[in-house]
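Good morning, everyone, and thank you for making time for this. Please have the sequence and the picture open while I talk, and follow along residue by residue.

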Amino acid sequence: MSTGGEAAPGSEVGAGGEVEAGGEVTAPEAEPSSEQVRRLRAPRTTVAVLVATVLLVGAGALLYDVISVRAGYPTRRWRARIADELATRHLDDLWVLVGAGAAVLLGGWLLWLAVAPGLGRWLPLRPHGDTGAAIDRAGIGHLLADRAAGLPGIDDLRIRISRRRVRVALTGTADPVSLQRQLRDELARVTLARPLRLDVRTVPGATPAANREAGVAG
Amino acid sequence: MTRTTVNRVLLGVVGLVLLAAGVLVLAGGLDLYRWLGADPPSWWPLTSPDQPVVSARSRTRWVDSTWWWPTVIGGLAVLVVGTAWWLAAQLRRSGSASIAVPTPGAGGLRLRVRTRALEEALETGTATLPEVERAGVRLVRAPGHPRLRGAVRLTPGGDPAALVEHFDTGPRADARTSLGWPELPADLRIRVLQAAPAESRRHRGRRRRHPRVE
């Protein structure tokens, strides 16, 4: 909800203005501006809520019990039990090893969440003025599929979009070079901050075409 | 510091502590030091598989010192207050319910607009832009840095670059001038619908949902 601040794309007026000026002169080449638009970073709200809740409950219970023991009440059973287990189980005990393995996995996962940018399905666009934007990767796929849908000679089109490139697998008699030109025009219209590479290749997949011709002939 | 930074730093710290503790116990329990021929220094904890995880002796090592209990209680209290603050920062609704609107020329008049009303005006303005199917807009107010976050769904074949330009010069600029703020940056999340029927079945459930501002 609030990523806010300087980290978000397009928050600087100067950066937006420069990009706009550069975009007017040479539309297809976005190289100078691509470094100025940063990747989106997920705020990690859900995981933070979970971790904070677990820590709060654990530390709160421990604090309550420590204070009550200092005030003269007996130790709660759960704390005595945990202290006893920790003091009697040795390091090569199966449950200790399982617990340690779980801690390693959980810790590594939390570290990964802290470092990895997240929001991988959103690709930043070049900002306009004070407005930064990002587009869904599936949305780019829809635009490309719709552009290709009007072209003749395409039996099947598989579009896979990663963060760096678009791979199009074409089945049919259409010319891959002209298809690539069409799709490149469509991609240029999106004005991504980091333009995607486009690979179009023909896959042999002869069976659908043969079936269709047979159906027409019969 | 933004909330994203705080969350990532704290998650990283918790993850590091868990990872280090787990690796220490695993290294001791599987007797890795002997296998690898490493010779840890004498103060290194948890080196032998025959050792308990936390022995009664190490647990009660400083119990008799005068500083022990104040330190334990103080540390736990800091941890409780800190995690409570961290949790509250996630759940806090960002910003107040209404915003002051400048009324030049009418000295005695003070005007406030509900944040939701402003957001709805922005949503309506965005939805009437060309090629927009649905739009959701939120005003997030980090202290001193108000900004707009929008989620927009375009009709098939829509032009995302044109949408960004129209939104920037249209609804966003209008809101900024009516509120009299020096700047009002915005972030848009854009989706595009597909016209081709081949894949529509798979995405039908997703289409009905209102665009969500994250």
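Let me begin with a question: is Arg116(B) buried, partly exposed or exposed? Arg116(B) is partly exposed, because its relative accessible area is 28%, and here buried means under 20% relative accessible area, exposed means over 50%, and partly exposed lies in between, with a 1.4 Å probe and protein chains only.

Before I go on, please keep in mind that this is a predicted model, in which local features need pLDDT of at least 70 and side-chain atom pairs count only at pLDDT 80 or more, while totals for chains, interfaces and linings use all residues. Residues are numbered from 1 along each chain as its sequence is written, chains are lettered from A and ligands numbered from 1 in the order in which they are written, and side-chain values use heavy atoms, with hydrogens and water left out.

Let us stay with Arg116(B), which forms a salt bridge with Glu123(B), the closest N and O atoms being 3.5 Å apart. By a salt bridge I mean a side-chain nitrogen of Lys or Arg within 4 Å of a carboxyl oxygen of Asp or Glu.

Thr115(B) is found in helix 5 of chain B, residues 115-127, where helices (H or I, at least four residues) and strands (E, at least two) are DSSP runs numbered from the N terminus. Thr115(B) is buried, at 4% relative accessible area, and if we leave aside its neighbours within four places in sequence, Thr115(B) is in contact with Ser96(B), Ala97(B), Ser98(B), Ile99(B) and Leu139(B). Contact, in this talk, means heavy atoms within 4.5 Å.

Still in chain B, please find strand 4, residues 145-154, where nine of the ten residues are buried. Strand 4 of chain B pairs in the parallel sense with strand 5 of chain B, residues 186-192, over seven bridges, and two strands are said to pair if DSSP finds at least two bridges between them. Within this pairing, Val152(B) stands opposite Ile190(B) of strand 5. Together with helix 6 of chain B, residues 160-179, these strands make a right-handed β-α-β unit; right-handed means that, with the strands pointing away from the viewer, the path from the first strand over the helix to the second runs clockwise.

Now let us turn to chain A, which has eight helices and five strands, running from the N terminus as α-α-α-α-α-β-β-α-β-β-α-β-α. Of the 218 residues in chain A, 40% are buried. Among the contacts in chain A with a separation of 6 or more, 61% are between residues 24 or more positions apart. The accessible surface of chain A comes to about 12200 Å², of which 59% belongs to carbon and sulfur atoms; such areas come from the Shrake-Rupley method with a 1.4 Å probe, and for residues only the protein chains shown count as cover.

How many salt bridges does a search of the whole structure find over all chains? The search finds 21. One of the salt bridges in chain A joins the side chains of Asp65(A) and Arg76(A), at 4.0 Å from N to O. Asp65(A) sits in helix 3 of chain A, residues 45-70, and Arg76(A) in the loop between helix 3 and helix 4, eleven residues apart. Asp65(A) is buried at 1% relative accessible area, whereas Arg76(A) is partly exposed at 37%.

Another salt bridge is formed by Arg147(A) and Glu186(A), whose closest N and O atoms are 2.5 Å apart. Arg147(A) lies in helix 6 of chain A, residues 137-149, and Glu186(A) in helix 7, residues 176-190, so the pair ties together parts that are 39 residues apart in sequence. Glu186(A) is buried, at 4% relative accessibility, while Arg147(A) is partly exposed, at 27%.

Helix 7 of chain A also holds Leu179(A), which is buried, with a relative accessible area of 1%. Not counting residues up to four places away in sequence, Leu179(A) touches Ala148(A), Leu151(A), Ile154(A), Leu157(A), Leu170(A) and Val200(A).
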